[in-house]
Amino acid sequence: MSDIRACGFTEFGDASVLRVLTVPMPEPGPGQVRVRVAAATVNPTDLGFRQGGRRLPDEVAAPYVPGMELAGVIDAVGPSVSPWQAGDRVIAAVSPAEPGGGAQAEYRVVDADQLARVPDGITLEAAATLPMNGMTVRTALDMLALPPGSTLAVTGSAGAVGQYAIQLGTYEGLTVIDDAAPGPDEELVLSFGARHVVPRGPGMAAAVRALYPSGVDAVLDAALLGPAILPAVRDGGQLLAVRPFQGETERGIAISLVLVGQHLHEGDRLASLAELAGNGVLTLRIAELLPAERAAEAHQRLAAGGVRGRLVLRF
């Protein structure tokens, strides 16, 4: 087989630029494996990539293939690869800003240190929803380094990052305060194990202060509230953002940025998350399974908002 299918585009723009394209079959080199991709998710980062929201290295040329997380089965192994072998079910977080493109293709060559094994009993489609958002939260909690008993407020709690923050934070002994709209979202967030749920939006900080008058130890701002959520944090506390913070700090609050793209080669940490998913600590949520040919529709739906769980493309 010399060519494979991939979801991609040759020029940046709205969702209409996406097509199922033909690209060369990749071959694994030393320390690499080739994965027959069963499923790849559509994330907000894919929308920004498609719109041309980041500068790409000179060696990355069209056609561009989005996607940062995949699940599949190893079908070929390059030299000097251990312990992986053909037939292993694996997940990985990858970057579309590399030669060969992102996850949304029938086959993807992946460095061995990016891989984690999919636990028995978890489908590949469900497993594909874990790598990027799970590693974002794992990295965020490691950066915050909060001791058990600390208070953590999470914005965007009904989303994938918010959900993993609730479940992983609670598992590690934190008191997690979350936001949600009344109704189904509030019920959903409570099902993740949230200690307190407050109304979402710009009034969240005041609601958090009503519960904790001195403020919480830290905020994970997955909803990009920015300066509006700072009043929720205690003096000298922390705020961790998933996009560059637009504003200034106050009261000695330390603001940090989590960049999951710097942690794509930490398969051992991804493996620990996969184990927690296999044990039921982390919930893997699929909003809908779609054939690769409907990638443009998936981008449109995600951009419209309100998606709960991940839209997953099948190959």
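Q: How many of the eleven residues of strand β3 are buried?
A: Nine of the eleven, so β3 (residues 32–42) is largely enclosed by the rest of the structure. Keep in mind that this is a predicted model.

Q: Which strands does β3 pair with?
A: Its partners include β6, joined over five bridges in the antiparallel sense. Strand β4 (residues 69–77) also pairs with β3 in the antiparallel sense, over seven bridges. Strand β15 (residues 310–314) is another antiparallel partner of β3, with four bridges.

Q: Give me some residue pairs to click on. What is the bridge partner of V33 in β6?
A: V33 is partnered by V110.

Q: And what stands opposite V35 in β4?
A: I74 is the residue opposite V35. For β15, look at T41, which stands opposite V312.

Q: How do side chains in a regular strand sit relative to the two faces of the sheet?
A: In general, they alternate between the two faces.

Q: Switching to the open sheet of six strands. What is the strand order?
A: The order is β10-β9-β8-β11-β12-β13, and the pairing is parallel.

Q: Which strands stand at the edges?
A: β10 (196–199) and β13 do. Each has a single partner strand, so one side of each is left without a neighbour in the sheet.

Q: By how many degrees are neighbouring strands of this sheet turned against each other on average?
A: 20 degrees, with direction ignored.

Q: How many bridges join β11 to β12?
A: Five, with β11 (residues 216–221) and β12 running parallel.

Q: Now the pockets. What is the volume of the largest pocket?
A: About 1300 Å³. The lining of this largest pocket consists of 46 residues, and P44, T45, A222, V242 and R243 lie nearest its centre.

Q: Which elements give two or more residues to that lining?
A: For the largest pocket they are α1 (44–50), α3 (131–144), α4 (160–171), β9 (175–180) and α8. The largest share, six residues, comes from α1.

Q: How does the lining of the largest pocket divide into nonpolar, polar and charged?
A: There are 24 nonpolar, 14 polar and eight charged residues.

Q: And what is the volume of the second largest pocket?
A: About 390 Å³. It is lined by 25 residues, with P26, E98, P99, G100 and G101 the closest to its centre.

Q: Which elements give two or more residues to the lining of the second one?
A: β1, β2 (19–24) and β6. β6 supplies the largest share of the lining of the second largest pocket, five residues. By class, that lining has 16 nonpolar, five polar and four charged residues.

Q: On to charges. How many salt bridges does the structure hold?
A: It holds 19. One of them is formed by the side chains of R5 and E106, at 3.5 Å from N to O. That pair links distant parts of the chain, 101 residues apart: R5 is in strand β1 (residues 3–8), and E106 is in the loop between β5 (89–93) and β6 (107–111).

Q: Is that pair buried or exposed?
A: The two residues fall in separate classes. R5 is partly exposed, with a relative accessible area of 27%, while E106 counts as buried because its relative accessibility is 12%, under the 20% cut-off.

Q: What about R251 and D235, what distance do they meet at?
A: Their salt bridge is 2.7 Å, N to O. R251 is in the loop between β12 (233–241) and β13 (254–257), and D235 is in strand β12, 16 residues apart. R251 is partly exposed at 32%, whereas D235 counts as exposed at 51%.

Q: Which residue does E288 form a salt bridge with?
A: R301, with the closest N and O atoms 2.5 Å apart. E288 lies in strand β14 (residues 286–291) and R301 in helix α8 (residues 295–304), so the pair ties together parts 13 residues apart in sequence. E288 is partly exposed, with a relative accessible area of 28%, and R301 is partly exposed at 29%.

Q: Last one: which residues do salt bridges that share partners join into one network?
A: R138, D142, E172, E266 and R269.

Terms used
Residues numbered from 1 in each chain as written. Predicted model: local features only at pLDDT ≥ 70, side-chain atom pairs only at ≥ 80, totals over all residues. Heavy atoms only, no water. Salt bridge = Lys/Arg side-chain N within 4 Å of Asp/Glu carboxyl O. Buried < 20%, exposed > 50% of the residue type's maximum accessible area, 1.4 Å probe, protein only. 1 Å grid on protein atoms, 1.4 Å probe; cavity = no way out; pocket = protein on both sides within 12 Å on 5 of 7 lines; lining within 4 Å. Points joined across faces, edges and corners; volume = space filled by probe spheres on them. Nonpolar A, V, L, I, M, F, W, Y, C, P; charged D, E, K, R; others polar. Pairing = 2+ DSSP bridges. Axes fitted to C-alpha atoms, helices over the stretch in contact; angles between N-to-C directions.
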